[in-house]
Amino acid sequence: MSTTLASDSLPASGYPMRQWVFEDSAGRYDIDLGDSHIQAGTTSQLRMPDNLELSYGMDRGTPQLIELIAQRYQGDADHIVVTHGAQEALYLLYCTLLRPGDRVLAFRPGWGQASEAPRRLGCQVQIADLRDDFSIDLAALSEIASPGFRLITVNSPGNPTGRRIRERELEMILSLAHRSDAYVIADEEYVLDLSRSIAIDRQRVISVSSLSKMAGLPGLRIGWMYGAPDIVTQCAKYKHLTSVSNSVLCESMAASVLADWPLWARKYEGLTQDGLRQLKQFVLGHETSLRLILPEGTPFAWVHLKTGESSLGFARRVLQQGVLVMPGETLGAPGGFRITFAREPDVLAEGLSRIGQVLRGRS
Ligand SMILES: Cc1ncc(COP(=O)(O)O)c(C=O)c1O
């Protein structure tokens, strides 16, 4: 991986994740270790509302849900807008904060939307490549001395790296943003305890998260943003051009999840602890081919492929065994793959055993 800062207009990914997930692999696997959330929950685990009127909801979200989200930040309700997943929250922020020609900084490997959406809005996207150990190249970052950034997006712990941004790195990013009077989007999809969000008490930092990953409920499509009231209010207005409001049914189920949050957090911790133990053992048994980057709070991990085979080629061979993993090419990082370990133990064991067969060349 390069450690330079390159100003370019390429998306962060060489091969679209959409193509891998929805076209090339669709219907070809029975074990999904390629997504980035814990084992998905089911409606039977949620409280269904009784006789709920299925009208449009409120653009900012229902007051009860907003209050529950605000509690997770130990913040105020006027800082919250509920959205259709974190993805809509991020998109609303890009559309609201950016104008053509604005300079935007994003990191690679990373979530492709952070560079692709601003680029499509006509912005100049500068991509900072992470170092081989996925740390931020502070020297390269400090070379961007010239002010003039409008927006920096950080994702910690990160997808696909699983790495948490360090205090020194955050300070550097915040001071760069301060010099430019820029906004910072904190993509906190993988943060369990949002009372420690980096957006708290920072006027120009906006946090985005959802119930998709840590609760394993991506099908609810419930996300949100937390930020200064004037910014989130602009986003709520823009929502009339996207989804208008969330599904009131999903909002009601989401409220039941957040009302029981300690229970869901325990489920997350149980699944991730057991799964990571299994994954570590597996990688240890295949250490001539694989190297694990220990995750720092994500339900997935990054695994370097030491065999010289392209990660897309390897992921295709794994797919032939009915197992989905996420090849690095989809996230701007060829040379490895992302694998989710927060699964029921027997499902994970079977998935890993099939990957083992591929590594031993028996596929
Ligand atoms: C870093 C990051 N941000 C945002 C999203 C969007 O997720 P959702 O809209 O389901 O909350 C994802 C999904 O993988 C992600 O990994």
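**Exercise 1. Counting elements**

How many helices and how many strands does the protein have?

*Solution.* This is a predicted model. Step 1: count the helices; there are 11. Step 2: count the strands; there are 14.

**Exercise 2. Overall dimensions**

Compare the radius of gyration of the protein with that of a compact globule.

*Solution.* Step 1: take the chain length, 363 residues. Step 2: for that length, a compact globule would have a radius of gyration near 21 Å. Step 3: the protein has 20 Å, so the value agrees with a compact globule. Along the principal axes, the C-alpha atoms fill roughly 60 × 55 × 35 Å.

**Exercise 3. The span of a helix**

Check the span of helix α6 against the expected one.

*Solution.* Step 1: find α6 at residues 167-180, which makes 14 residues. Step 2: the expected span is 1.5 Å times one less than the number of residues. For α6 this comes to 20 Å. Step 3: go from the first C-alpha of α6 to its last. The helix reaches 20 Å, close to the expectation. Step 4: look just past the end. Asp 181 follows α6, and its phi is positive, near 60°.

**Exercise 4. A sheet and its helices**

In what order do the 4 strands of the open sheet lie, and which are the edge strands?

*Solution.* Step 1: read the order, β10-β11-β14-β13, with antiparallel pairing. Step 2: find the strands that pair on one side only. These are β10 (290-293) and β13 (326-327), the edge strands. Step 3: look at one pair. Strand β11 (residues 300-305) and strand β14 (residues 336-340) are antiparallel over 5 bridges. Within β14, Thr 340 is the bridge partner of Phe 300.

**Exercise 5. Two domains**

*Solution.* Step 1: take the bounds from the domain assignment. Domain 1 is 11-36 + 263-358, and domain 2 is 50-259. Step 3: count contacts. In domain 1, 23 residues are in contact with 23 residues of domain 2. Step 4: name contributors. On the domain 1 side, α9 and β11 each supply at least two residues. Step 5: sort the residues of that side. They divide into 15 nonpolar, 6 polar and 2 charged.

Note on methods. Residues numbered from 1 in each chain as written. Predicted model: local features only at pLDDT ≥ 70, side-chain atom pairs only at ≥ 80, totals over all residues. Pairing = 2+ DSSP bridges. Domains from an automatic or database assignment. Contact = placed C-beta atoms within 7 Å. Nonpolar A, V, L, I, M, F, W, Y, C, P; charged D, E, K, R; others polar. Rg over C-alpha atoms; globule rule 2.2 N^0.38 Å.
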